[in-house]
Amino acid sequence: MFQGVINGVSAIAIPLLILAIVGHGWYKKVKVYEVFTEGAKEGFNVAIRIIPFLVAILVAIGSFRASGALDLLTGLLSPLTSWIGMPGEVIPMALMRPLSGSGAIGIVSELINTYGPDSIPARMAAIMEGSTETTFYILAVYFGSVGVKKTRHALPAALLADLAGIIAAVVVTQMVFG
Amino acid sequence: MINTIWIVLMAGGILVAGFQCLGLDYSSAEGLIMNPSFIPLTDLTKGLFNSAKASVNLAMGLIGIMALWLGLMKIAEESGLVKLFARAVRPVMVRLFPDVPPDHPAMGAMVMNIAANMLGLGNAATPLGLKAMQELQKLNKVKDTATNAMATFMALNTSSVTFIPATVIGIRAAANASNPAEIIGPVILATGVSTTVAIIAIKILQKLPKYQMPKVEGKEV
């Protein structure tokens, strides 16, 4: 039942939002077509402006991943993470999540395939996926799009939040499913 | 900080791949064996080029979606829908972003972005977030430096205030989990912790001398 509601919400959300926006615009006598195209023009500029930042971030992350440096770091961290109750299988997820959205999704899928969707590692990774974000990508793209180079305290604060989210995901998983 | 992390990722990867070219094998019975090969480095090069190409594909894919949401956002702005929405959550937003005037378009865009994130609508969240950054940049007196409002907005975004983690529920459902949506409760709990930490961290860090805005024409901005 609950799952049905969630799936329903996910399916309806975007079409409903679009309908509400154009409906309200029409009701308020906005020239919806002309105003839409006026706004849409900006899309091209923004997408082009973020390319250098995307390349810089994705290539650096690609280097770290493709070389096996990520696996090496996983091995080094395992004594520390077992102490907070994080199984070794989940460490790559915790490291990947702030770096790469598609990489993190890949790890979740792999854990689900290997250990089953209802296993502790798979559940923990799924909760991590839902409760943290691709920090480096977001910071690079958002700041890059407006030309901000000195990001001040944004990165340290975001990384602290990621760390808190990852630890919280571990603790909550152990409490609810452990 | 970003410079340090970037060089660690980039050079760290290259050094590790270089080391693997030695092909050291500790497990064999005859002691340490070396099987040198260049494969780890050529694989790395291939990976780097693929990442560079993927970034452009990503940006190209974003053009259409950006255009769609920015177009819709423009309608919502002109019709007054954004203002209506922003007014509803104004008390919270004014506390979080004291430097942004309550009626500034930046508030509306940020509210829409956060709402999209809560519902797990990633495709809608990014264009709205980029729009919010452009509006925040208009209030910025030092164009190459992040304002307090920008940093707070980024912390909220990266800590991801999620109510419906749609993607991961979908993956679990596809793998026949006994109850794919059971993670919603734990996700809300964990995301609540990370968002609280994000807000506390940003408010404390912005007071440190190290992270102050540069002065413009002799006065504090």
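Guide: A crossing is right-handed if the near helix is turned clockwise from the far one by less than a right angle, and left-handed if anticlockwise. The model is predicted: local features need pLDDT of at least 70, side-chain atom pairs count only at pLDDT 80 or more, and totals for chains, interfaces and linings use all residues. Residues are numbered from 1 along each chain as its sequence is written, while chains are lettered from A and ligands numbered from 1 in the order in which they are written.

Visitor: Which hand does the crossing of α7(A) and α9(A) have, left or right?

Guide: Helix α7 of chain A, residues 120-131, packs against α9(A) with the axes 9 Å apart. The angle is about 135°, on a scale from 0 to 180 degrees between N-to-C directions of lines fitted to C-alpha atoms over the stretch in contact. The two helices are therefore oblique to each other, and the crossing of α7(A) and α9(A) is right-handed.

Visitor: How many nonpolar residues does the contact of α7(A) with α9(A) have?

Guide: The residues of α7(A) that meet α9(A) include A:I120, A:M124, A:I127 and A:M128, and their partners in α9(A) include A:I166, A:V170 and A:F177; contact requires C-beta atoms, placed from the backbone, within 7 Å. By class (Ala, Val, Leu, Ile, Met, Phe, Trp, Tyr, Cys and Pro nonpolar; Asp, Glu, Lys and Arg charged; the others, Gly among them, polar), three residues are polar and one is charged. The nonpolar residues of this contact number 10.

Visitor: Which residues of α8(B) make the contact with α6(A)?

Guide: The pair passes in a right-handed crossing. On the side of α6(A), the contact is made by A:I105, A:V108, A:S109 and A:I112. The residues of the contact divide into five nonpolar, two polar and one charged. From α8(B) come B:T167, B:V168, B:I171 and B:R172.

Visitor: Which helix gives the largest share of the side of chain B that touches chain A?

Guide: The contact takes 87 residues from chain A and 90 from chain B. Several helices of chain B each supply at least two residues, among them α1 (2-20), α2 (39-79) and α9 (184-205). The whole side of chain B has 59 nonpolar, 25 polar and six charged residues. Its largest share, 26 residues, comes from α2(B).

Visitor: Is A:R152 buried or exposed?

Guide: Phi of A:R152 is near 50°, a positive value in a residue other than glycine. The residue sits in the loop between α8 (135-146) and α9 (154-177) of chain A. A residue is buried with 20 or more other C-beta atoms within 10 Å of its own, exposed with 12 or fewer, and partly exposed in between. With 23 such atoms, A:R152 is buried.

Visitor: Does B:N176 count as buried or exposed?

Guide: B:N176 lies in the loop between α8 and α9 of chain B. Its phi is near 60°, a positive value in a residue other than glycine. Having 11 C-beta neighbours inside 10 Å, B:N176 counts as exposed.

Visitor: How many helices does the secondary structure of chain A have?

Guide: Helices (H or I, at least four residues) and strands (E, at least two) are DSSP runs, numbered from the N terminus. Chain A has zero strands. The number of helices in chain A is nine.

Definitions and conventions:
Two residues are in contact if their C-beta atoms, placed from the backbone, lie within 7 Å. Angles under 35 degrees count as roughly parallel, over 145 as roughly antiparallel, 65 to 115 as roughly perpendicular and the rest as oblique.
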